[in-house]
Amino acid sequence: MTWLVAGLGNPGPRYVWTRHNVGFMVADELARRAGERFTAPRGMHAEVATTRIGAAGIGVPGGEALLIVKPRTFMNDSGRAVGPLAEYHRVAPGHVIVVHDELDLDPGRIRLKAGGGGNGHNGLRSVRAHLGTGGFLRVRLGIGRPPGHRAGADHVLGRVPRGEREDLAVTVGRAADAVEAIITAGLGAAQNRYND
């Protein structure tokens with residue numbers, strides 16, 4: 001059975017270290033652990049790293065096939081990459097894991113869940129539309145609400161201050177651990193360990 005992990009974000013150097021790109025950061029960490037590089041399959045609107053994952057870990061021979069995906073579309077059109085890749089590789093929605101930022105969680109918090117609404121997140125709305133279901137799995141990384149009267153869009157597209165990047169890197173590592181746990185131990189066990 002093949003798994004597809006889609007880290008959501010916006011492509012290009014302008015968006016590096018923005019809160020909206022935490023999904024890309026987790027995808028990069030998973031590819032680093034697997035020792036794989038991203039390539040851009042023709043016509044797929046995404047960068048993809050292909051590896052395997054099982055009880056022995058990620059990037060180790062054996063286990064199940066794993067596609068690590070970073071859409072090359074912008075966030076609001078993420079489904080245009082995720083949907084066709086899932087269809088081409090015959091990945092069931094229950095084996096699609098979407099990693100994304102979450103305004104309603106405090107920075108550093110992680111929540112794992114199956115299904116649910118988009119809660120105003122346009123990237124999730126797009127994935128849902130292109131998969132034809134909301135029955136995929138989600139790893140939500142808290143970025144918190146903007147302080148004062150700052151607009152939500154400015155907050156998610158704002159760069160993480162240098163002083164907070166070390167803490168963010170720890171959260172990204174935990175989120176990558178959570179993705180691995182979902183695949184190897186199941187959602188319930190992963191929730192018990194990583195939901196906070």
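An open sheet of seven strands runs in the order β3-β2-β4-β1-β5-β7-β6, with mixed pairing; strands pair if DSSP finds at least two bridges between them. β3 (57-58) and β6 (110-114) are the edge strands, each with a single partner strand, so one side of each has no neighbour in the sheet. This is a predicted model, in which local features need pLDDT of at least 70 and side-chain atom pairs count only at pLDDT 80 or more, while totals for chains, interfaces and linings use all residues. Residues are numbered from 1 along each chain as its sequence is written, and side-chain values use heavy atoms, with hydrogens and water left out.

**The sheet and the helices on it**

- Helices (H or I, at least four residues) and strands (E, at least two) are DSSP runs, numbered from the N terminus.
- Strands of a sheet pair through backbone hydrogen bonds, either parallel or antiparallel.
- Strand β1 (residues 3-7) pairs with strand β5 (residues 96-102) in the parallel sense over four bridges. The bridge partner of Ala-6 in β5 is Val-98.
- Helix α5 lies across β1, β2 (46-54), β3, β4 (64-71), β5, β6 and β7 (137-142), and runs at about 165° to β7. Axes are lines fitted to C-alpha atoms, for helices over the stretch in contact, and angles run from 0 to 180 degrees between N-to-C directions.
- Helix α6 also packs on the sheet, touching β6 and β7, and its direction makes about 160° with that of β6.

- α5 has 21 residues and reaches 29 Å from its first C-alpha to its last, close to the 30 Å expected at 1.5 Å a residue; the expected span is 1.5 Å times one less than the number of residues.
- The axes of α5 (residues 165-185) and α6 (residues 187-194) come within 7 Å and cross at roughly 150°. That makes α5 roughly antiparallel to α6 (angles under 35 degrees count as roughly parallel, over 145 as roughly antiparallel, 65 to 115 as roughly perpendicular and the rest as oblique).
- In the contact (heavy atoms within 4.5 Å), Arg-174, Asp-177, Ala-178, Ala-181, Ile-182 and Ala-185 of α5 meet Leu-187, Ala-189, Ala-190 and Tyr-194 of α6.
- By class, this contact of α5 with α6 has eight nonpolar, no polar and two charged residues. Ala, Val, Leu, Ile, Met, Phe, Trp, Tyr, Cys and Pro count as nonpolar, Asp, Glu, Lys and Arg as charged, and the others, Gly among them, as polar.

**Helix α1 against α5**

- Helix α1 (residues 22-34) packs with α5 at an angle of about 65°, with the axes 9 Å apart. α1 is therefore roughly perpendicular to α5.
- The α1 residues that meet α5 include Val-22, Met-25 and Glu-29, and among their α5 counterparts are Leu-168, Val-172 and Glu-180.
- The residues of this contact of α1 with α5 divide into nine nonpolar, one polar and four charged.

**Helices α2 and α3**

- The axes of helix α2 (residues 79-88) and helix α3 (residues 122-131) come within 8 Å and cross at roughly 35°.
- Gly-79, Arg-80, Val-82, Gly-83 and Ala-86 of α2 make the contact with Ser-126, Val-127, His-130 and Leu-131 of α3.
- Four nonpolar, four polar and one charged residues form the contact of α2 with α3.
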